[in-house]
Amino acid sequence: MGRDTFLAAMYAGIAVSLAVWASATGLLALVAFALLFGLFYGGWVAVLPAVVADHFGRRNVGGIIGLLYTSVAIGTLIGPGLAGFIYDASHSYFPAIAISGGANAVAALVAIVTIGLKSRTAAEGL
């Protein structure tokens, strides 16, 4: 499958798992969400360093991963409060879940486009 494709699949899987959560009406759906989200998020965390090394070289991977995971930490810090604010304004968590799912869908598309650009560049011998 390749690392890049796997990363794109993890982003897409996170988006799908968030859709399961957004549409959940019972315990079984929430359990499915938790299992799917854990699987895909764990896959993202596991493959990202290798993808970064492939794209930017092993020499730069430490600094780039540090920056990427710091940005995740900032989102993790701000996200719950922002979700609470959205809930207070809309009386629903759906908009916050939908925004997160949409962001992951966009990340999957960016990863897919990057795969295409990388393939095209390799085919052209650049």
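Biologist: What order do the elements of the protein run in, from the N terminus on?
Modeller: The order is α-α-α-α. This is a predicted model.

Biologist: What does the C-alpha trace of the protein span along its principal axes?
Modeller: The spans are about 55 × 25 × 20 Å.

Biologist: How do you know what share of the residues is buried?
Modeller: A residue is called buried when its relative accessible area is under 20%. Of the 126 residues in the protein, 22% are buried.

Biologist: Why is Leu 35 called exposed?
Modeller: The cut-off for exposed is over 50%. Leu 35 has a relative accessible area of 63%, so Leu 35 is exposed. This residue lies in helix H2.

Biologist: Which residues make the nonpolar surface patch?
Modeller: Trp 21, Leu 27, Leu 30, Val 31 and Leu 35 make a patch of about 500 Å². Members of a patch need over 30% relative accessible area, and Leu 35 at 63% therefore passes that step.

Biologist: Which helix gives the most to the nonpolar patch?
Modeller: Helix H2 does, with four residues.

Biologist: What makes Arg 3 and Asp 54 a salt bridge?
Modeller: The nitrogen has to be within 4 Å of a carboxyl oxygen. In this pair the closest N and O atoms are 2.8 Å apart, so Arg 3 and Asp 54 form a salt bridge. By this rule the count comes to one salt bridge.

Biologist: Which parts does the pair of Arg 3 and Asp 54 tie together?
Modeller: Arg 3 lies in helix H1 and Asp 54 in helix H2, so the pair ties together parts that are 51 residues apart in sequence.

Biologist: Why is Arg 3 called partly exposed?
Modeller: Partly exposed is the range between the buried cut-off, under 20%, and the exposed one, over 50%. Arg 3 has 42% relative accessibility and therefore counts as partly exposed. Asp 54, with 38% relative accessibility, is partly exposed as well.

Biologist: How far apart are the mean positions of the positive and negative charges of the protein?
Modeller: The 5 positive and 4 negative charges have mean positions 13 Å apart.

Biologist: What share of the accessible surface of the protein belongs to carbon and sulfur atoms?
Modeller: The surface comes to about 8000 Å², and 73% of that belongs to carbon and sulfur atoms.

How values were computed
Residues are numbered from 1 along each chain as its sequence is written. This is a predicted model: local features need pLDDT of at least 70, side-chain atom pairs count only at pLDDT 80 or more; totals for chains, interfaces and linings use all residues. Side-chain values use heavy atoms; hydrogens and water are left out. Helices (H or I, at least four residues) and strands (E, at least two) are DSSP runs, numbered from the N terminus. Buried means under 20% relative accessible area, exposed over 50%, partly exposed in between (1.4 Å probe, protein chains only). Accessible areas come from the Shrake-Rupley method with a 1.4 Å probe; for residues, only the protein chains shown count as cover. Lys and Arg count as positive and Asp and Glu as negative; His and the chain ends are not counted. The place of a charge is taken as NZ of Lys, CZ of Arg, CG of Asp or CD of Glu. Patches are made of residues with over 30% relative accessible area and no salt bridge: like charges are joined within 9 Å, nonpolar side chains (Val, Leu, Ile, Met, Phe, Trp, Tyr) within 5 Å. A salt bridge is a side-chain nitrogen of Lys or Arg within 4 Å of a carboxyl oxygen of Asp or Glu.
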